[in-house]
Each structure stands twice: as structure tokens, then as C-alpha cells.
Amino acid sequence: MKLPYLCIRFHMQMKLPMRALLLTFGAFLLWAQDGKALFQANCASCHAVNRRVVGPALKGVHERWGGDEAEMVKFIQNSQAYINGNFKNSAYAKKLYEEYNKAVMTAFSGLSEAEIKAILAYIK
């Protein structure tokens with residue numbers, strides 16, 4: 001009588017973490033898909049992942065920014081303010097600005113931090 005009880009109890013304990021894992025993975029896939037749609041709508045006219053367009057190719061962007069997504073978000077939301085400010089990666093941002101003939105990247109202040117992180121996840 002105790003064995004079925006233990007089996008059912010064990011199964012119930014295993015079911016919840018597995019369900020949580022599947023939900024997390026599913027949410028990540030949806031987030032990456034949202035990132036792709038956001039990239040297409042906001043970034044693709046000037047950027048590609050694997051090739052230079054108007055702006056730089058975005059493959060490896062995380063490494064170039066030292067993996068600091070918080071700084072990347074600030075730059076994407078307002079590149080000109082970032083370049084003129086005193087931020088962690090301002091020197092790198094100024095270098096890009098000079099390299100691309102002082103072309104100013106469009107400010108994306110309307111994109112939330114979560115939306116920008118979804119785009120960055122898609123690029124990654």
C-alpha cells in the first residue's frame with residue numbers, strides 16, 4: 001500500500017519541475033521569435049547579423065560590448081546621448097561613430113529594455 005503512494009508522490013514532485021522547465025524553454029523560444037520580429041521591424045534596414053549594411057554586422061556584438069547588455073540597451077535607446085555621455089563603453093561607441101562617418105544611429109527610445117534584450121537574444 002505504501003509503494004503506490006510513494007510512486008504517485010514522486011511522480012507529482014517530478015512533474016512540476018519538468019513542467020516549469022518546458023514552460024521556460026517555450027517562453028525563451030517565443031522571446032527569440034519576438035526578437036526576430038522586432039529586429040526585422042526596427043534594425044534590418046541598417047543592420048544584418050552576418051554582413052555590414054549601413055551599420056556594422058551584429059554577429060559578435062555581445063563580445064565587442066564586453067557582454068554588458070545594460071550598456072547595449074542604453075546605446076540602442078539613444079546612441080547620440082551615449083556617445084556624448086560618460087558611460088562604460090563610450091570610447092567604443094565613439095569609435096563606431098567615427099568609423100561610420102559620424103552617421104547617427106536612430107534612437108529607439110520607444111523600445112523597452114525587454115524588447116531590446118529580445119532583439120539581442122535573437123542576434124546571439
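Me: Two rings of Phe, Tyr or Trp, the last taken by its six-membered ring, are a pair if their centres lie within 6.5 Å. How many aromatic pairs does that rule give here?

Reply: The model is a predicted one. In it, the count comes to six aromatic pairs. One of them joins F75 and Y82, with ring centres 5.8 Å apart and planes at 90°. Planes over 60 degrees apart count as edge-to-face, so the F75 and Y82 pair is edge-to-face.

Me: Are F75 and Y82 buried or exposed?

Reply: The cut-off for buried is under 20% relative accessible area. F75 is buried at 11%, and Y82 is buried at 1%.

Me: Next, the charged side chains. How many salt bridges are there?

Reply: The rule asks for a side-chain nitrogen of Lys or Arg within 4 Å of a carboxyl oxygen of Asp or Glu. The count by this rule is three salt bridges. One of them links K88 and D68, at 3.0 Å from N to O.

Me: Where do K88 and D68 lie, and how far apart in sequence are the parts they tie together?

Reply: K88 is in the loop between α4 (79-84) and α5 (90-99), while D68 is in the loop between α2 (61-64) and α3 (69-77). The pair therefore ties together parts that are 20 residues apart in sequence.

Me: How do K88 and D68 count by accessibility?

Reply: K88 counts as exposed, because its relative accessibility is 61% and the cut-off for exposed is over 50%. D68 has 17% relative accessibility and counts as buried.

Me: What separates E71 and K74 along their helix?

Reply: E71 and K74 are three residues apart in helix α3, which means they are separated by about one helical turn. Their side chains meet in a salt bridge, with N to O at 3.0 Å. E71 counts as buried at 7% relative accessibility, whereas K74 counts as partly exposed at 38%.

Me: In which helix do E113 and K117 lie?

Reply: Both are in helix α6 (residues 113-123), four residues apart, about one turn of the helix. The E113 and K117 side chains form a salt bridge at 3.1 Å, N to O. E113 has 42% relative accessibility and counts as partly exposed. K117 counts as partly exposed as well, with 25%.

Me: Last, the backbone. What is phi of N101, and where does N101 lie?

Reply: Phi of N101 is near 55°, a positive value in a residue other than glycine. N101 lies in the loop between α5 and α6. At 71% relative accessibility, N101 is classed as exposed.

Me: What is phi of K102?

Reply: Phi of K102 is near 60°, again positive in a residue other than glycine. K102 is placed in the loop between α5 and α6. Its relative accessibility is 48%, and K102 counts as partly exposed.

Key: Residues numbered from 1 in each chain as written. Predicted model: local features only at pLDDT ≥ 70, side-chain atom pairs only at ≥ 80, totals over all residues. Heavy atoms only, no water. Helix = DSSP H or I, 4+ residues; strand = E, 2+ residues; numbered from the N terminus. Buried < 20%, exposed > 50% of the residue type's maximum accessible area, 1.4 Å probe, protein only. Phe/Tyr/Trp six-rings, centres within 6.5 Å; stacked < 30°, edge-to-face > 60°.
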